[in-house]
Amino acid sequence: MERRTLLKALALAAFARQAHAAPPKTMKGVEELQKNWKTFLPAGASVPSPSEPVKLTKDEWKKKLPAESFKVMREEGTERAGTSPLNDEKRAGIFACAGCGLPLFTSEMKFDSGTGWPSFFTTIPGVFETKKDYYLIYPRVEYHCIRCGGHHGHLFDDGPPPTGQRYCNNGVALRFIPKDGGKA
Ligand SMILES: [Zn+2]
């Protein structure tokens with residue numbers, strides 16, 4: 001192995017070991033996570049970019065998505081707390097949109113919120129749009145995938161420092177891509 005390749009492999013392995021570590025202490029650390037998100041992709045993986053929109057009709061989404069994902073993503077439903085296997089997913093990798101495959105979070109952005117939904121303190125930059133909804137009478141910040149418009153969850157301000165953000169995401173709206181190419 002060439003020395004440069006070896007160094008790169010070691011650096012990537014160091015990143016992988018940090019999967020699901022405590023959040024960085026500073027915003028600069030968070031920015032690093034956002035900048036380095038591609039190091040969590042499996043080697044040779046090709047993923048879509050936020051600037052390639054996916055527009056399907058409701059019927060087309062219904063055919064494309066499993067019933068649970070359709071209900072959450074296209075009708076702004078919420079999965080039952082504690083039901084997602086992704087709550088316990090701790091491997092290094094990428095959480096992508098179940099609707100369109102856009103990478104949304106890395107494993108390093110995840111934290112254990114104890115809420116029963118996969119939770120993240122920041123996102124890969126530029127992947128979500130937000131709006132206010134009033135389904136529970138008080139206003140909540142809803143967020144959805146910028147590429148396919150699929151609803152993912154709600155954003156709260158009680159996350160861990162330094163961001164203080166909690167992206168409370170439905171597991172059925174996510175697809176996990178392990179970095180080592182293992183079973184999703
Ligand atoms: Zn999407």
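Okay, hi everyone. Some ground rules before we start. This is a predicted model, so local features need pLDDT of at least 70 and side-chain atom pairs count only at pLDDT 80 or more, while totals for chains, interfaces and linings use all residues. Residues are numbered from 1 along each chain as its sequence is written, and side-chain values use heavy atoms, with hydrogens and water left out.

Let's begin with the metal. Which residues hold the zinc ion? The protein donors are C97, C100, C145 and C148, each through its SG atom, at 2.3 to 2.4 Å from the zinc. A donor here is an N, O or S atom within 2.8 Å of the metal (3.2 Å for Na, K and Ca), and since water is not among the atoms, sites may look incomplete.

What about the geometry? The angles among the four donor atoms run from 102 to 115°, and the site is tetrahedral. For four donors, that label needs all angles between 85 and 135 degrees. The ideal angle for four tetrahedral donors is 109.5 degrees.

Now look at the chain itself. The zinc donors follow the spacing C-x2-C-x44-C-x2-C. C100 sits in the loop between β1 (93-97) and β2 (103-106), and C145 is in strand β6 (residues 138-145), so this pair ties together parts that are 45 residues apart in sequence. When I say strand or helix, I mean DSSP runs numbered from the N terminus: E with at least two residues for strands, H or I with at least four for helices. Are C100 and C145 buried or exposed? Both are buried. Buried means under 20% relative accessible area, exposed means over 50%, and partly exposed is in between, using a 1.4 Å probe and protein chains only.

Next, the sheet. Strands of a sheet pair through backbone hydrogen bonds, either parallel or antiparallel. Ours is an open sheet of six strands in the order β3-β4-β8-β7-β6-β5, with antiparallel pairing. The edge strands, pairing on one side only, are β3 (110-111) and β5. Two strands count as paired if DSSP finds at least two bridges between them. How many bridges join β5 to β6? There are seven, and the two strands run antiparallel.

The structure holds nine aromatic pairs. Rings of Phe, Tyr and Trp (its six-membered ring) pair if their centres lie within 6.5 Å; planes under 30 degrees apart are stacked, over 60 edge-to-face, and the rest tilted. F128 and Y143 make an edge-to-face pair, 4.6 Å centre to centre with 65° between the planes. F128 is in strand β5 (residues 128-136) and Y143 in strand β6, so the pair ties together parts that are 15 residues apart in sequence. F128 counts as buried at 16% relative accessibility, and Y143 counts as buried at 0%.

Y143 also pairs edge-to-face with Y167, at 5.0 Å centre to centre and 75° between the planes. That pair links strand β6 with strand β8 (residues 166-169), 24 residues apart. Zooming out, ring pairs link F95, F105, F120, F128, Y143, Y167 and F176 into a cluster.

Last topic: charges. Side chains of opposite charge can pair when their charged atoms come close. The structure holds eight salt bridges, each being a side-chain nitrogen of Lys or Arg within 4 Å of a carboxyl oxygen of Asp or Glu. One of them joins E75 and K58 at 3.7 Å, N to O. E75 is in helix α4 (residues 67-75) and K58 in helix α3 (residues 58-64), so that bridge ties together parts that are 17 residues apart in sequence.

Then there's K131. Its side chain meets E76 in a salt bridge at 2.5 Å, N to O, linking strand β5 with the loop between α4 and β1, 55 residues apart. K131 also meets E142 in a salt bridge, at 3.6 Å, N to O.

Technical notes:
Tetrahedral: all angles 85-135°; square planar, octahedral: opposite > 155°, others 65-115°.
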